[in-house]
Amino acid sequence: MTKISSIASVSLTESETDPEGFARELGQSFERYGFAIIADHGIPADLIARAEEKAKAFFALPEAVKRAYHVAGGGGARGYTPFGIETAKGATEHDLKEFWHIGRELAEGHTFRAVMADNIWPAEIESFKATFLELFSAFDQAGGRILSAIARHLGLSPDFFDDTVRDGNSVMRLLHYPPVSPEASGVRAGAHEDINTITLLLGAEEAGLQLLDRDGEWLPVSPKEGELVVNIGDMLQRLTNNVLKSTSHRVVNPPPERRGHSRYSMPFFLHFRPDYLIETLPGCVSEERPNLYPEPITAHDYLMQRLREIKLV
């Protein structure tokens with residue numbers, strides 16, 4: 001029998017009315033599961049609906065049209081990544097998904113343009129660019145508020161993360177998991193941990209997302225409609241010396257009655273800025289918890305290292 005996740009939903013409005021209480025609740029959820037569910041996150045419902053409509057319209061385009069937006073050798077950083085490419089670290093089967101990536105828009109001459117590619121915009125979908133730039137900004141703001149609470153939980157200044165993610169290499173992914181054929185040998189997304197700082201996910205209401213609990217059992221992650229699922233990424237795990245753990249998660253194939261249905265979701269992978277040095281926080285090291293990551297590494301170098309492992313570069 002499948003265990004039921006007991007991840008409680010917490011309201012982001014509490015970060016304004018009771019910042020200490022919100023930080024405590026959020027931190028406890030992250031320390032227990034590596035995941036939290038956030039209600040009242042401030043991303044407008046009508047914007048989410050518009051974005052979902054645009055994403056579905058793009059993925060419904062003919063395969064040849066979509067593939068014209070695939071950047072060979074680009075590591076999937078921008079534009080379209082076709083079905084059957086991304087493979088979870090250590091997995092032998094590719095994931096059953098296709099996706100589109102949107103990154104941060106940078107001004108001409110910005111120092112990070114050397115490592116952060118320009119966005120690509122499909123001409124076939126009206127208002128695609130305007131819609132997703134608006135959503136990117138909304139995700140960015142919600143992520144900043146969540147990081148402020150994480151800083152409080154860690155005993156840091158609430159603005160500790162502001163500079164670490166300013167102009168960060170964050171990526172918004174539009175995901176389409178097509179209907180699953182009965183003979184499919186893979187799963188929609190194999191067990192993996194996220195590379196980045198934190199991930200904010202919209203669209204997890206459709207069953208399938210599971211996390212690996214610390215007792216070795218897979219638990220379903222089941223937000224209510226419109227709620228955000230947030231999880232810790234490997235960069236934050238490294239920075240906090242595993243105080244906040246990056247939890248393995250996957251998207252399993254649906255039961256037979258749902259196999260004919262697509263699944264759509266929109267994760268926002270919030271990243272540190274490329275030149276940020278990920279160096280273990282002193283407050284997360286003790287005699288009982290020795291430093292597991294004595295060698296600092298920049299966020300960009302760490303990202304490249306991990307992208308090679310999942311066959312995207």
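**Notes on the model**

1. Strand 1 is joined by 3 bridges to strand 2 (residues 35-39), and the two run parallel; strands here are DSSP runs of E with at least two residues, helices are runs of H or I with at least four residues, both numbered from the N terminus, and two strands count as paired if DSSP finds at least two bridges between them. Within this pairing, Ser9 has Ile37 of strand 2 as its bridge partner. The model is predicted, so that local features are given only where pLDDT is at least 70 and side-chain atom pairs only at pLDDT 80 or more, while totals for chains, interfaces and linings use all residues. Residues are numbered from 1 along each chain as its sequence is written, and side-chain values use heavy atoms, with hydrogens and water left out.

2. The pair belongs to an open sheet of 8 strands, whose order is 1-2-10-7-12-5-4-3 and whose pairing is mixed. At the edges stand strand 1 (9-11) and strand 3 (79-81), and because each has a single partner strand, one side of each is left without a neighbour in the sheet. From one strand to the next the twist averages 25°. The chain as a whole has 8 helices and 14 strands.

3. Strand 7 is largely enclosed by the rest of the structure, because 5 of its 5 residues are buried; buried means under 20% relative accessible area, exposed over 50%, and partly exposed in between, with a 1.4 Å probe and protein chains only. In a regular strand the side chains alternate between the two faces of the sheet. In strand 7 both faces are covered, with Ile198, Leu200 and Leu202 buried on one side and Thr199 and Leu201 buried on the other.

4. Helix 3 (residues 45-59) lies across strand 3, strand 4 (98-103), strand 5 (171-177), strand 7 (198-202) and strand 12 (263-270), and its direction is at about 115° to strand 12; axes are lines fitted to C-alpha atoms, for helices over the stretch in contact, and angles run from 0 to 180 degrees between N-to-C directions. Thr131, which sits in helix 5 (residues 128-153), is buried with a relative accessible area of 3%. Apart from its neighbours within four places in sequence, Thr131 is in contact (heavy atoms within 4.5 Å) with Leu47, Arg50, Ala51 and Lys54.

5. For the chain overall, 53% of the 313 residues are buried. Of the contacts between residues at least 6 apart in sequence, 77% join residues at least 24 apart. The accessible surface comes to about 14,000 Å², and 51% of it belongs to carbon and sulfur atoms.

6. How many cavities of 30 Å³ or more does the structure hold? There is 1, a cavity being a set of points on a 1 Å grid over the protein atoms alone where a 1.4 Å probe fits but cannot get out, with lining residues having an atom within 4 Å of a point. The largest cavity holds about 30 Å³ of space, and its lining consists of Asn169, Met235, His271, Phe272, Pro274, Ala299, His300 and Leu303. Helix 8 (residues 299-309) gives the most to this lining, with 3 residues.

7. Ser127 has a positive phi near 60°; it is placed in the loop between strand 4 and helix 5 and is partly exposed, with a relative accessible area of 39%. Asn242 has a positive phi of about 70°; it lies in the loop between helix 7 (234-239) and strand 11 (249-251), and Asn242 is buried at a relative accessible area of 15%.

8. Gly42 is found in the loop between strand 2 and helix 3 and counts as exposed, at 59% relative accessibility. Its C-alpha atom is separated by 8.0 Å from that of Leu12, although Gly42 and Leu12 are 30 residues apart along the chain.

Technical notes: Areas by Shrake-Rupley, 256 points an atom, 1.4 Å probe, with all protein chains shown as cover. 1 Å grid on protein atoms, 1.4 Å probe; cavity = no way out; pocket = protein on both sides within 12 Å on 5 of 7 lines; lining within 4 Å. Points joined across faces, edges and corners; volume = space filled by probe spheres on them.
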